[in-house]
Amino acid sequence: MAESLQLLKGTLDVLVLKALSWGPMHGFGIAAWIEQGTAGDLAVEDGALYQALHRMEERALIEGEWGVTDNNRRAKFYRMTRKGRQHLAAETAMWERYARAVTRLLQTA
């Protein structure tokens, strides 16, 4: 099995916001969405994820509310705020531009 890729600095926040664009999720659900969506190429460590969630809550990009999971466990469910949606749009445009620029360079002879 191939080793997971390391997340680039600043990537986790935008991936969390993208996950939450589908609707409220708890931390485990966010991590699973990222891992499944990348066919296992990106795995999120719990510590990094929960630091990101707290940081994003402090920046008012997301809001959390306690609830109960399908497995009847208590968990904090996060949802994206209006500010988070604006941030996701801006970061998505930046990442797309960045990827195009790097791809251009990598495809040169």
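Axes are lines fitted to C-alpha atoms, for helices over the stretch in contact, and angles run from 0 to 180 degrees between N-to-C directions. Helices (H or I, at least four residues) and strands (E, at least two) are DSSP runs, numbered from the N terminus. This is a predicted model, in which local features need pLDDT of at least 70 and side-chain atom pairs count only at pLDDT 80 or more, while totals for chains, interfaces and linings use all residues. Residues are numbered from 1 along each chain as its sequence is written, and side-chain values use heavy atoms, with hydrogens and water left out.

Q: Why are H1 and H2 called roughly perpendicular?
A: The axes of H1 (residues 11-20) and H2 (residues 27-37) come within 10 Å and cross at roughly 100°. Angles of 65 to 115 degrees count as roughly perpendicular, whereas those under 35 are roughly parallel, those over 145 roughly antiparallel and the rest oblique. H1 and H2 are therefore roughly perpendicular to each other.

Q: Which residues make the contact between H1 and H2?
A: With contact meaning heavy atoms within 4.5 Å, H1 contributes Leu12, Leu15, Val16, Lys18, Ala19 and Leu20, and H2 contributes Ile30, Trp33 and Ile34.

Q: How many bridges join S1 to S3?
A: Two bridges join these antiparallel strands, and the definition asks for at least two. In S3, Phe77 is the bridge partner of His26.

Q: Why do S1 and S2 stand at the edges of the sheet?
A: The open sheet has the order S1-S3-S2 with antiparallel pairing. S1 (25-26) and S2 (62-68) each have a single partner strand, so one side of each is left without a neighbour in the sheet.

Q: What makes a set of residues a nonpolar core?
A: Such a core is a set of buried Ala, Val, Leu, Ile, Met, Phe, Trp, Tyr and Cys residues joined through side-chain atoms within 4.5 Å. Buried means under 20% relative accessible area, exposed over 50%, and partly exposed in between (1.4 Å probe, protein chains only). The largest nonpolar core here has 21 residues, and those with the most contacts inside it include Val16, Leu17 and Ile62. H1 supplies the largest share of this core, six residues.
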